Amino acid sequence: MGLEMFQLQTKLVDQLHLAPFQLKETNMRLLFGLGVMLFYLLIGAVVFTTIEAPYETADDKNIRDFTDKYRALVVGDGSDEGCQRISSEDFDTLIRTISEAALRGISPLKNVTAEPNWSFGQAFFFSGTLISTVGYGHVSPVTHAGKFFTIVYCMIGIPLTLALLSALVERLKLPSLWFRGKMNTALGHLFPPGHIQLLHLGALSLLLLVFMFILPSIIFTSIEPDWTFLDAFYYCFISLTTIGLGDYIPGDQPEQQFRAAYKVFATVYLLIGLCCMMLFLATMYDIPMLNLSRFFLVKDGNFADTNDNERLRLSGQAGFGPKYEKHVDEDSPASANPQSFPTDDGYYQNMGSPH
Amino acid sequence: MPALHQPPVDHRRPSFNGRPSFTGRPSFTGLHFQRKAMDNDGSAQPPQPTKGRFLKVLAKYLFSHVGLCLLVIAYVVGGAYLFRHLEADGEEQRIQAQVQKSTEMETEREELAQLLWNYKNGPDYNSTVALLIEQYHENITEAIRDFSYTGVPVKRSELEAKWGVASAILFTVTIVTTIGYGHVTPVTALGQLTVIGYALLGVPLMLMFLANIGDAMARFLRIAYGKGCCYCCHKKREREYAKAIAEQRQNKMDTDLVSSIPNNRPRSAWSDEAAMDIRHRKVDAEKGPDGTMDTLPQVIPEDPIQMIDTGDEIINVPISLTLVIIAAYVFLGAILFSAWNDWSWITGAYFSFVTLSTIGFGDLIPGWKEVGTTAGTIKLGVSALYIVLGLAVLSMSFNLMMEEMIAKFEWLGRKLGIIDDPNLPGGPTDIQPFVAQEQMPSVDPVRM
């Protein structure tokens, strides 16, 4: 639903026809909004820790109590006389308890536990996976209150995140479009505009691949002891597409140092990566021939056949849809920076140049 | 050379509708486009190559509603078998190892019990017992970590069913819908690479499918809503509209038709601004109103700015109704799954919500405890169906809510900083000409 809602968001934001100057004016508000999101994550972390950790601790305590009692019975006070006869039921319970404890990473005999599931860093990471709809499942609320809070938290958090990330994506689109303008001027005489759009998308994909997949994969491989590069790449892919299977989780090794900070950075990576995926999707949707769903959602009068699109492109719009006129106007005042338009008979005319 | 020189084009003329472009400068490209559209009115269009045309027709058919449905089903089922095959070899070995380990642990447990019992009165009881228990604890930890031991003896049929057909189909469904339960995951390197490729193709396919089916369902619901709920209002509107049309015929030359029409169209309780309706009205003078508009008289618009639409877009299902539909579906899932799996109803609602929002923890999966049995298979299958249908319902709801949500997002956007003020030039109430420009090729550019 995250990606689907983003599709909807893209449509909605497209309708607004934003100009760069409007975006600049409201940058401070976006920063504030991002602060709100951080605060929202902190709230989630605190609340989940408050709700779930005591339950987890209580369970641990039960296990410990029983183990201590049994050890007292079996092992006694150090002498053989202190032992009592124990029933087979008691013994069964002990074995079962040891199994449960081992399943939860607790070692009742050694007083060493694994990191609690609901430490602050873990809860922060968990909140991040909620609002990004990744949802690994390696930890999940077990109390009814926790489940109820999850529902409420998501109903507010997911649209909030999507709105903020969409605003970010709108701003990220500006340098992306600037780059496409450069590509158009440089390559406009070699390729038709549609191909330049595809090239632009390809360049963007390459950039994303390197900075959002390969680089983080290298980092994860070096931090996680038993992850290969493929494991890390697989993890990045599964997370950034918000699938979130949960078979690989960063920072869950028992000997992990600075676990809380690591988890926080992982959360930030998730959200930034989601933002970049949305940018990629938005760029893809701008290409009419790739935006097949728009093709089917808009009625026949608008996109009845791609002949119309061909006509649009041939008519000399240099690959920009109507809504990007303003970006062209904004970035290239007609007198200063002439754009080239191929005309029908192949002659190039410069806007604003004297005839 | 005069022969090659193009006649000068005056780019400084304002755009033909008299309105400056968004930034206040004349819209050059728009003018250029309009001139070209005029010149190329049908005749000068280069002929489409036949191969390209055939491919387009084929693509259109392929992506028609039914075609898309079948494609998605084939993709999901095919993917299930693909992953079963990829994981099968390694899986057999793993199953054997797991079964073996499970048996070992059971044996060790019995032995430990026996030892402790027999040793009750033996020498060095304390240290021996402590050592034995610690040893057992280490073994069980290793079994859990490396062999997925769950503390109870495991049945071979259960393990085999992990990658059974129903389970694999649920897996592929959760991949392409980005839910991602993780109840089974590929452990082979090839399996992981395949998941990446499979998702790269499958997720956009699923998004497209959901958009398509959501649109179809939304249209259906709009029509049903229009026919059903507005029936009582038809008579009243008929009278009012007839009056408006009579007025309109009087003021034929008045180009501002918009203000005379709006109040007579069925509209949702939420949005009442004419600008909102204008935004999405197609100006298509050729098509007449269709069946849902049969109460509106046949007005032949001479002025292309006439805002009669072709029908079902006019009927706006209120947001409250769509929210009720979503909530109803979530509760349906809650009741069904909590009854089936012996969960509490809030756990069922939690499961439905987490699934439909595509978060997908995977901590609760209907039928997973009984995987391998017929009941388990049925439950897994129904879960997959519930997911797909639920996402389609969500898509339909988004579609229905879109009109209303534009207003809401504008409000939110103003609060968050996406847009500043709707009354600025070029704000949302000012965007209509972009839409209109494309769709009015017949407007005479002389008329500026």
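Transmembrane regions in chain B, then. An unreviewed UniProt entry lists residues 62-83, 163-184, 190-213, 314-337, 343-368 and 380-402 of chain B under that heading. UniProt positions are given in the numbering used here, and such annotations may be inferred rather than shown by experiment.

Ground rules, quickly. This is a predicted model: local features need pLDDT of at least 70, side-chain atom pairs count only at pLDDT 80 or more, and totals for chains, interfaces and linings use all residues. Residues are numbered from 1 along each chain as its sequence is written, chains are lettered from A and ligands numbered from 1 in the order in which they are written, and side-chain values use heavy atoms, without hydrogens and water.

Take two of those spans in chain B. Residues 190-213 are 100% helix and 0% strand, with end C-alpha atoms 33 Å apart. Residues 163-184 are 55% helix and 0% strand, and there the end C-alpha atoms lie 7 Å apart. Helices here are DSSP runs of H or I, at least four residues; strands are runs of E, at least two; both are numbered from the N terminus.

One residue in chain B. Thr355(B) sits in helix α11 (residues 345-356) of chain B. Buried or exposed? Buried, because its relative accessibility is 0%. The cut-offs: buried is under 20% relative accessible area, exposed over 50%, partly exposed in between, with a 1.4 Å probe and protein chains only. Leaving out residues up to four places away in sequence, Thr355(B) touches Ile179(B), Tyr181(B) and Ile387(B). A contact is heavy atoms within 4.5 Å.

Now chain A. It has 13 helices and four strands. Of its 355 residues, 54% count as buried. Its unreviewed UniProt transmembrane annotation includes residues 118-136 and 148-169. Residues 148-169 of chain A are 100% helix and 0% strand, ends 31 Å apart by C-alpha. Residues 118-136 of chain A are 63% helix and 0% strand, with end C-alpha atoms 15 Å apart.

Helix α7 (residues 193-223) of chain A has 31 residues, so at 1.5 Å a residue it should span 45 Å; its end C-alpha atoms are 44 Å apart, which agrees. The expected span is 1.5 Å times one less than the number of residues. α7(A) also bends by about 30 degrees at Leu209(A). That bend is the angle between axes fitted to the seven residues ending there and the seven starting there.

Last, confidence. pLDDT is the predictor's confidence in each residue, from 0 to 100. Chain A averages 74, and 65% of its residues reach 70 or more. Over residues 299-355 of chain A, pLDDT stays under 50. Where pLDDT is low, the predicted coordinates should not be read in detail.
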